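Hi there,

Here is the structure I promised to pass on to you. Have a look at it first, and then read on for my notes.

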Amino acid sequence: MTVQTDARQLSGATAHHAAIELTNVCKEFRLESGEVVNSVNSVTCRIEPGEFICVIGPSGHGKSTLLNMIAGFLPPTEGTITVGGSPVTKPGPDRGVVFQRDTLFLWKTVAQNIEFGLKSRGIPKDERKAVVAEMLKIIGLEKFANAWPKQLSGGMRRRVAIAAVFANKPEVLLMDEPFVGIDYLRLAQLHEVLLDLWQEAEKRAVFMVTHDIDEALTLADRIFVIKHGTLALDMKVDLPRPRLTDDITGPEANRLRRRLLEEFSR
Amino acid sequence: MTATLAPTLQITQTEPTPTPKRDRSSLYWGAASLALVLGLWQLTSVVLGEDDSGMRLVPSIPDVLASFMVFADYWPGGLGAERTVGGGGATVWGATLGLIYNVGISLSRFAIGFILGAVVGIGTGLLVSWSAIARRTVSFPAHFFRMMPLLAMLPLFGLWFGNSELGTYSFTAFAVAVLLFVLTVAAVDNVPRIYSDSASSLGASRGRIYLSVIIPSITPSLKVGILLAVPFAWSAVLAAEVIGKQYGLGRILNFALLYASTNIVAVTALVVVIIAGCTHLILAKVLNHLTRWVD
């Protein structure tokens, strides 16, 4: 218990609640054949405010289901999920979601997309404009404020999608394989944008599903391995930040990488 | 916050595109095919000739052009052109006035019926789509109406509304509304769930999601439906004008058929094609602007 308190003090949090807390969370799906599949099986974990979690594991083993339950899109069959101490019953702006698929509203300009969440929550116009301008600056797309999404490249769209969620200042950021199919160079830029935005608010926790071990080692404080719907490994990543190429190819990173690979092949 | 990505900006639309030289070749091809069609038409007319009663099955092009004068018979008189029924001779001026007059009348029937039908069809479609239960309840009767042969319904509208303008409007509106209702409901059904998931996780209420996510996202489908409804509505107007109307392009068509004047049928059909084509182009321009965001 004392360890946890210390961790919270270290992360600068004054709240007494975990950012995300899962207790015995299960999710069953009934297939059309009538067969019942246990997608998520009794997952218990606690994510502190300010923590960056990467979730990796084989496809179809429950990573996205877990994320969708935290987001409030799916109700768990059993167990409880709390975010910031309150139980999750439906989607809400305290949990920003970046989807794998493109969810930019194609009929809104870049600025209007970023503004959408703020407008939904009734933020006054002046404040909205200021936040949008700041976000556009962070993602480096000031010149594209009035462009339609169709005029942007894939990487630019991703940046807008992330900015639209961050503009809302969610307590928790949920990301479901947000960078799939992005080429290596642009990926590094997107990681930088993400880390900038994450570090901007001390207490903001990130829960990010990925397939990429290197990405997880670059970004995460802790890496979860989800296998067969269970939390198979909860591994701390003690690498200094900002993480340079040397850090994620060094002996410590390789030790972690090895452990992950062993867990995968088991 | 130090990292800016400005130097690596990928600009997809950088080069100021020079005003493109219009590709004329499609124009030439269009003109050539038009000439071909006209040539074939004239040839068919000559080859088929007249039947026993002296009726030309396919009118020749000069006949069609000459029968422009028929519009003078459908001018109620005034502006320096007398009614031909009253003994006045058919003049080009009278025919022009008659053309404008009858096009105006049919166009106003089209516009009122179309707008009424679009508002009712899309409006009820959106209202019904709000709730999944309502959607399921209404979709069967809607499909039932859609399968109903529209022209066979015309006498019913005649019985209900007599030969009043209301009958023409409501018949046209019915044709448009049923089509657009079914399309609207299907379009709302097909909006990917990820859009509303994304919006609700950004804090949007159900009402806001409907108004600023669902409705804009179906505009491309609605555009297709609205443009499909244009020729549909024109058929309805022309058919409705057959019953008890003194003026309108449908009336002229009906009389021409009565007297087996294929040349008058052809010239009126030509006018209808041009007017319907223009309404299509104008609507398409407006709708294209509304959906300019589409990839």
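Below is what I found, going from the chains to their contact and then to some local details.

Please keep in mind that this is a predicted model.

Let me begin with chain A. Its secondary structure consists of 9 helices and 10 strands. Along the principal axes, the C-alpha atoms of chain A occupy a box of roughly 50 × 45 × 40 Å. Of the 266 residues in chain A, 42% are buried. If you take the contacts in chain A with a separation of 6 or more, 71% of them are between residues 24 or more positions apart.

Chain B has another make-up, with 10 helices and 0 strands. Its pattern along the sequence therefore reads α-α-α-α-α-α-α-α-α-α, and its radius of gyration is 25 Å, well over the 19 Å from the globule rule for 295 residues, so chain B is more spread out than a compact globule. The box filled by the C-alpha atoms of chain B, again along the principal axes, is roughly 85 × 55 × 40 Å. Buried residues account for 31% of the 295 residues in chain B. As for contacts in chain B with a separation of 6 or more, 69% join residues 24 or more positions apart.

Now to where the two chains meet. Here 34 residues of chain A are in contact with 26 residues of chain B. On the chain A side, at least two residues each come from strand 6 (95–98), helix 3 (110–120), helix 5 (154–166) and helix 6 (184–200). Helix 6 of chain A gives the most to this side, with 5 residues. By type, the chain A residues that touch chain B divide into 16 nonpolar, 11 polar and 7 charged.

Within chain B, one helix pair may interest you. Helix 5 (residues 154–161) of chain B packs against helix 6 (residues 165–189) of chain B at an angle of about 140°, and their axes are 9 Å apart. That angle makes helix 5 of chain B oblique to helix 6 of chain B. The crossing of helix 5 and helix 6 of chain B is right-handed. Helix 5 of chain B brings B:Leu154, B:Phe157, B:Gly158, B:Trp160 and B:Phe161 to the contact, while helix 6 of chain B brings B:Leu166, B:Gly167, B:Ser170 and B:Phe171. Sorted by type, the residues in this contact of helix 5 with helix 6 of chain B are 6 nonpolar, 3 polar and no charged.

You will find A:Glu171 in the loop between helix 5 and strand 7 (172–176) of chain A. Neighbours within four places in sequence aside, A:Glu171 is in contact with A:Ala19, A:Val83, A:Gly84, A:Asp94 and A:Arg204. A:Lys143, by contrast, lies 28 residues from A:Glu171 in sequence and 29 Å from it in space, C-alpha to C-alpha.

Technical notes: Residues numbered from 1 in each chain as written. Chains lettered and ligands numbered in written order. Predicted model: local features only at pLDDT ≥ 70, side-chain atom pairs only at ≥ 80, totals over all residues. Axes fitted to C-alpha atoms, helices over the stretch in contact; angles between N-to-C directions. Helix = DSSP H or I, 4+ residues; strand = E, 2+ residues; numbered from the N terminus. Parallel < 35°, antiparallel > 145°, perpendicular 65-115°, else oblique. Left-handed = near helix turned anticlockwise from the far one by under 90°. Contact = placed C-beta atoms within 7 Å. Nonpolar A, V, L, I, M, F, W, Y, C, P; charged D, E, K, R; others polar. Buried ≥ 20, exposed ≤ 12 C-beta atoms within 10 Å, placed from the backbone. Rg over C-alpha atoms; globule rule 2.2 N^0.38 Å.
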